[in-house]
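Trainee: Could you take me through the salt bridges here, with a close look at the pairs and their surroundings?

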Amino acid sequence: MILSSGLEPEEDGMAAPVPLRPDFDAEALRALAKSSRDPDQTRRLLALSAIYAGGSRSAAALGGVGLQTVRDWVLAFNADGPDGLIGCKAPGARPRLNAEQREALRALVEEGPTPAAHGVVRWRLVDLAQILFEEHGVSVSEQTLSRVLRSMGYAKLSARPRHHAQDQDAIPAFKKPFPARLAEVAQAVGGKPIEVWFADEARVGQKNTITRRWARRGTRPAASKDQRTASAYLFGAICPARGTGAGLVMPRCTTEAMNLHLAEIARALTAGAHAVLLLDQAGWHMTKKLIVPANITLLPLPARSPELNPVENLWQFIRENWLGNRIFASYEAILDHCCDAWNKLIDQPWRIMSIGLRAWAHVF
C-alpha cells in the first residue's frame, strides 16, 4: 500500500502526491514528537503524523504554512527520516573568504609582519586586506575583515611586555619544580601548612596614568595630566588561594620599608601557617640586611620575568579602575588614594583570586 503525502492535485498545475516512506506510521511519529527537544522537528513530525493517519494536505499545514512547505517536509523526511525535520538556520550568504584564504589570513596574523618587507611593525586591517587582494585576488572591506578575524578567535589585544634579555627557558624551569620546592619548605618547617604569596611594589605619583574610556567613535576624549613629581610606593602582597593580602604605602623602596612590609605579611598569615613569598630580585628584596620573619621563606623569581608575578596584573587593575585619570593635589592625597585603592581590593577577595591564581603555583 502506498501512503500519500496528502498533496492531492486539487488545482490545475499541482504537483503529484509524494508517497511517504512506509517504515513509519502515525503513532511512531507522534511518539517521536513527544520526545523531541527541537520545536521545529516536533511541529513537522505532528504534521506528517496527520498525513499517515489519512488526513488531507490542509490538515497537515499546521500554523498557516503553505502546501509547498509541507511537500518539502515530506521530501526531507523521506530522504533523512526524523533527522531531516530538525530545524536549522538558513545558510546565509556565501563567506567572503574561503577556507584557503582564511588559513592564509591565520598564518599572516600568527607570524606577524616583517618590518623590512611589509613596512609596518603591527598588522592593521587595511594591511591585511591589501595582502589578501594582491596575493589571493579577493577584495574585502575592513569591517568584514574585522568580523572574520573575530569569528576565527582573534581580538586586538595589548602586547605583554617582555624583557629583551629574558632567558626563554627560565620560566618553564622555574614552574616545573615549584611543587617540589613547596614540599621541601613544608618539610623544613615541620609540616606546617604552606601559603603561596606574591609581593611587588608600584610607584604612584602626580605624573599619573591616563586610562582608556568609552567615547563616541571618531573622537578622542581628554583627561587632565599633572606634571608634578611627588610620588609614593605601594608595597603589596597577596595570597590568591585565600583571597587576601597585606599592603603598605611608603615614601621610598628601601630595606627598611621592605622589613616593615615583611612584618605586615607575617601578621596576615593564617595562624600556624608558613608562607613562601615569591618576589623579584630587586636589591631591597635580596639584601642580607632584611629581617625575614620566622614564618616566611623568600623565593626569588627568575630574572627579567615579571609575568610570573600576578601582583603586576593587580597594579594594572588598580590603576585602570581606582588610581588612573586623577590629579593628586599633594603627597598626602597620593597616600590617601593608595590606601583607599588597596583597602577596596582587600574587600574584594574574589578579585584577588580571579587575578592572582596561577595553575602552576596552586595545583600541587
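Mentor: Happy to! This is a predicted model, in which local features need pLDDT of at least 70 and side-chain atom pairs count only at pLDDT 80 or more, while totals for chains, interfaces and linings use all residues. Residues are numbered from 1 along each chain as its sequence is written, and side-chain values use heavy atoms, leaving out hydrogens and water.

Searching the whole structure turns up seven salt bridges (a side-chain nitrogen of Lys or Arg within 4 Å of a carboxyl oxygen of Asp or Glu). Let's begin with Glu 195 and Arg 242, whose side chains meet in one of these, at 3.1 Å from N to O. Glu 195 sits in strand S1 (residues 194-205) and Arg 242 in the loop between strand S2 (231-239) and strand S3 (244-250), so the pair ties together parts 47 residues apart in sequence. Strands here are DSSP runs of E, at least two residues, and helices are runs of H or I, at least four, numbered from the N terminus. Glu 195 is buried, at 8% relative accessibility, whereas Arg 242 is partly exposed at 34%. Buried means under 20% relative accessible area, exposed over 50%, and partly exposed in between (1.4 Å probe, protein chains only).

Now look at helix H5 (residues 99-111), where Arg 106 and Glu 103 are three residues apart, or about one helical turn. Their salt bridge has its closest N and O atoms 3.7 Å apart. Arg 106 is partly exposed at 31%, and Glu 103 is partly exposed at 48%.

Finally, Asp 23 forms a salt bridge with Arg 21, with 2.9 Å between the closest N and O atoms. Asp 23 is partly exposed at 49%, and Arg 21 is partly exposed at 22%.
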